[in-house]
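Me: I would like a close look at one part of this model, the sheet and its turns. Please take the strands together with the connections between them.

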Amino acid sequence: MSAFKSVEYRYCPQCGAKTCQKIIDNQTVKVCAAKCGFGFFNNPTPVVAVIVETPEGVVLASHVDWPQGVLSVITGYVDPHELPEKTALRETKEELGLNAYDPEFVGHYMYHAKNQLIIVYAVKAEGQVCLNHELDAYKIIALDKLKAWPGPTGEGVADWLRKKRRL
Ligand SMILES: [Zn+2]
């Protein structure tokens, strides 16, 4: 199933007319049949994932909506007009209460199920972990114990670990 089907837009959100499908640059686009100018291109949503490295190891945290025991790197949406490295530093402060610095780009990964472009950064961080309302557990995993997991954020962790172990 393509991610396109997840958003319907049967009616134009700008003028209320019906929409129709059009092929533009080999992409199926939903456009307003009344030609008011609306077009839905289903572009991926950028999401920043942050590998937070403290002197003790990498901080993994559990979202309140996740099953108990499931931990991952923190993620967050890019604010309007924000560069992703800023998002990485801001989210580390907001979600973990840690002061982050030295953001390092790791790679881009596609989360197909949600049509999200996952932009992975690694940051160094210091301070006392203080979780915000989105998170309810965390663990600090020593670098030699850290293992990647399937999925886009895990691929980022795997690439980062490979690069780090080569140094
Ligand atoms: Zn319209």
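How many residues lie between S2 and S3 in their hairpin, and which residue in the turn has a positive phi?

Reply: This is a predicted model. The hairpin of S2 and S3 has six residues between the two strands, and in that turn Lys35 has a positive phi of about 60°. Strand S2 covers residues 27–32 and pairs with S3 in the antiparallel sense over two bridges. Within this pairing, Lys30 stands opposite Phe40 of S3.

S2 also pairs with S1, again in the antiparallel sense, here over six bridges. One of the paired positions is Thr19, whose bridge partner in S2 is Cys32. S1 and S2 form a hairpin as well, with two residues between them. In this turn Asp25 has a positive phi of about 50°.

Taken together, the three strands make an open sheet in the order S1-S2-S3, with antiparallel pairing.

Key
Residues are numbered from 1 along each chain as its sequence is written. This is a predicted model: local features need pLDDT of at least 70, side-chain atom pairs count only at pLDDT 80 or more; totals for chains, interfaces and linings use all residues. Two strands pair if DSSP finds at least two bridges between them. Helices (H or I, at least four residues) and strands (E, at least two) are DSSP runs, numbered from the N terminus.
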